[in-house]
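Work through these exercises with the structure open beside you. Try each task before you read its solution.

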Amino acid sequence: ARNRQVKLNKLMRPNLSDFRDHLLTKLSRPMAKKVLASFKGILSEAEARGHVVGNVANSVRIGNKGRHKEPVAIPTKAEVKTIMAKLDGWAKDKHWRRLRALFATAIYSGFRASELRGLPWDAVDLKAGTITVKQRADERGVIGSPKTVASRRTISIPTFLVTMLRDWRIECPPGPLVFPTTLGTVQLLSDIHTAGWRPLQVAAK
């Protein structure tokens with residue numbers, strides 16, 4: 001049986017590599033990893049039930065190599081000013097006041113989107129002018145600990161951002177989060193992109 005498994009692995013590996021490459025061309029790397037993991041799980045269950053000799057997909061991997069193949073386009077100071085000017089012009093609308101505070105905090109803190117979406121008010125010290133990363137929100141909106149020990153950090157923010165956050169806190173929906181939905185729940189990253197970041201980029205040209 002072992003010899004048959006070795007032969008089967010050699011036979012299947014090119015096809016499974018093609019399958020992996022196909023996933024990477026059609027899906028994001030994290031999603032491709034999830035699909036491959038599910039496929040491996042199916043084969044493991046089939047092996048446990050005696051339907052297949054072994055899990056031929058065990059040796060197939062999707063690593064982190066290739067991440068950010070294209071250079072990340074970091075906005076210039078002039079572009080940041082244009083973005084903020086556009087947000088200031090839209091600030092009469094509460095929807096955009098929330099997003100203005102969110103994007104300004106992102107710009108001047110360097111926090112990850114997950115850290116901003118899960119940011120609680122008790123991590124914001126408006127008197128000291130600091131924000132501390134205590135938690136994050138995952139892609140499903142579930143609050144949890146930061147990814148690493150190094151992620152737990154405190155940074156100082158400029159005075160104008162302190163004022164902006166103080167004003168936003170007055171009308172922020174009830175609850176512990178700084179940038180929640182109108183219901184006080186965690187915002188989805190896709191919603192921030194669709195209802196905020198994309199139209200802002202278009203408007204700011």
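**Exercise 1. The fold**

Which pattern does the protein chain follow, read along the sequence?

Solution. This is a predicted model, where local features need pLDDT of at least 70, side-chain atom pairs count only at pLDDT 80 or more, and totals for chains, interfaces and linings use all residues. Residues are numbered from 1 along each chain as its sequence is written, and side-chain values use heavy atoms, with hydrogens and water left out.

Step 1. Find the elements: helices are DSSP runs of H or I with at least four residues, strands are runs of E with at least two, and both are numbered from the N terminus. The chain has seven helices and five strands.

Step 2. Read them in order. The pattern is α-α-α-α-α-β-β-β-β-β-α-α.

**Exercise 2. Confidence**

Find which element has the lowest mean pLDDT and which the highest.

Solution. Step 1. Start with the whole chain. Its mean pLDDT (the predictor's confidence in each residue, from 0 to 100) is 86, and 90% of the residues reach 70 or more.

Step 1. Compare the elements. Helix H1 (residues 2-26) has the lowest mean, 62. Strand S1 (residues 124-125) has the highest, 97.

Step 2. Look at residues 6-14, where pLDDT is below 50. Beyond near neighbours in sequence, this stretch has four contacts (heavy atoms within 4.5 Å) in the model. Where pLDDT is low, predicted coordinates should not be read in detail.

**Exercise 3. The core**

Solution. Step 1. Apply the rule. A nonpolar core is a set of buried Ala, Val, Leu, Ile, Met, Phe, Trp, Tyr and Cys residues joined through side-chain atoms within 4.5 Å. Buried means under 20% relative accessible area, exposed over 50%, and partly exposed in between (1.4 Å probe, protein chains only).

Step 1. The largest core has 32 residues. Val124, Leu165, Val178 and Phe179 have the most contacts inside it.

Step 2. Helix H3 (77-89), helix H4 (94-109), helix H6 (159-171) and helix H7 (189-204) each supply at least two of its residues.

Step 3. Zoom in on Phe179. Leaving out residues up to four places away in sequence, Phe179 touches Arg98, Ala101, Leu102, Thr105, Leu116, Leu119, Leu165, Trp168 and Gln187.

**Exercise 4. Helix packing**

At what angle do H3 and H7 pack?

Step 1. H3 and H7 pack at about 110°, with axes 10 Å apart. H3 is therefore roughly perpendicular to H7 (65 to 115 degrees; under 35 is roughly parallel, over 145 roughly antiparallel, the rest oblique). Thr82, Ile83, Lys86 and Leu87 of H3 make the contact with H7 residues including Trp197 and Leu200.

Step 2. H4 and H7 pack at about 80°, with axes 11 Å apart. This pair is also roughly perpendicular. Among the H4 residues that meet H7 are His95 and Trp96.

Methods:
Axes fitted to C-alpha atoms, helices over the stretch in contact; angles between N-to-C directions.
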